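How is the interior of this model organised, and which charged side chains pair within it? The following explanation considers these topics in turn.

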Amino acid sequence: MKFTTKKLVTMALLTAMACVVMYFVRIPYMFLTFDVKDAIIITGGLLFGFLPVIMMSVAVSLVEMFTISETGVLGLVMNIISTCSFACVAVLIYRIKKNILFAAIGLVAGVLCMTAVMLAFNWLIVPIYTTFEREAVVGMLMPIFLPFNLLKGGVNAALAILLYKPVKLVFEKAKFN
């Protein structure tokens, strides 16, 4: 991918927007946090591809780790894995045919992929940074982690669908892509 100055500025703008949203739209639930920053990162991915998704995800997750997160490096890793498993799948499917149907299919596939990946990583990592034993985490996978990740992914997917077209039009009019 060729990174022009305009693309880098646009990616930085989207990253900054995701950081602002991360601060103001946070709903804590137990030791999990519901947020909608992924919708903005996914929108950037639909515009520019999966490499920018990874770059934006890492940048936003680093800002979160150093400012408001209490989970440190493990939280950073979990955030990056969550966002990338969702957004990269969505973007790769959307790239097959750039239309609303493939965007929707990609987003649904991304939600399902992220949910499956996060079930595995929650099983693996949650006992490391909480007081929960692995057996307790296994008992939380279906009643807590599964619906949480499906809801978080579904909301982010819906917001990404709503954001994509207006954001794309603004950037096209400003000749940013």
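The paragraphs below treat the nonpolar core, a surface patch and the salt bridges.

This is a predicted model, in which local features need pLDDT of at least 70 and side-chain atom pairs count only at pLDDT 80 or more, while totals for chains, interfaces and linings use all residues. Residues are numbered from 1 along each chain as its sequence is written, and side-chain values use heavy atoms, with hydrogens and water left out.

The largest nonpolar core comprises 33 residues; such a core is a set of buried Ala, Val, Leu, Ile, Met, Phe, Trp, Tyr and Cys residues joined through side-chain atoms within 4.5 Å. Buried denotes under 20% relative accessible area, exposed over 50%, and partly exposed in between (1.4 Å probe, protein chains only). Leu14, Ile42, Leu47, Phe86 and Leu107 have the most contacts inside this core. Helix 4 (72-96) supplies its largest share, eight residues. Helices (H or I, at least four residues) and strands (E, at least two) are DSSP runs, numbered from the N terminus.

Five salt bridges are counted, each a side-chain nitrogen of Lys or Arg within 4 Å of a carboxyl oxygen of Asp or Glu. Glu64 pairs with Arg26 at 3.1 Å, N to O, and Glu64 also pairs with Lys37 at 3.1 Å, N to O. Because its relative accessible area is 4%, Glu64 is buried; Lys37, at 1%, likewise counts as buried. Asp35 and Lys152 form another salt bridge (3.8 Å, N to O). Asp35 lies in strand 2 and Lys152 in helix 6, so this pair ties together parts 117 residues apart in sequence. Arg26, Asp35, Lys37, Glu64 and Lys152 are linked in a network of salt bridges.
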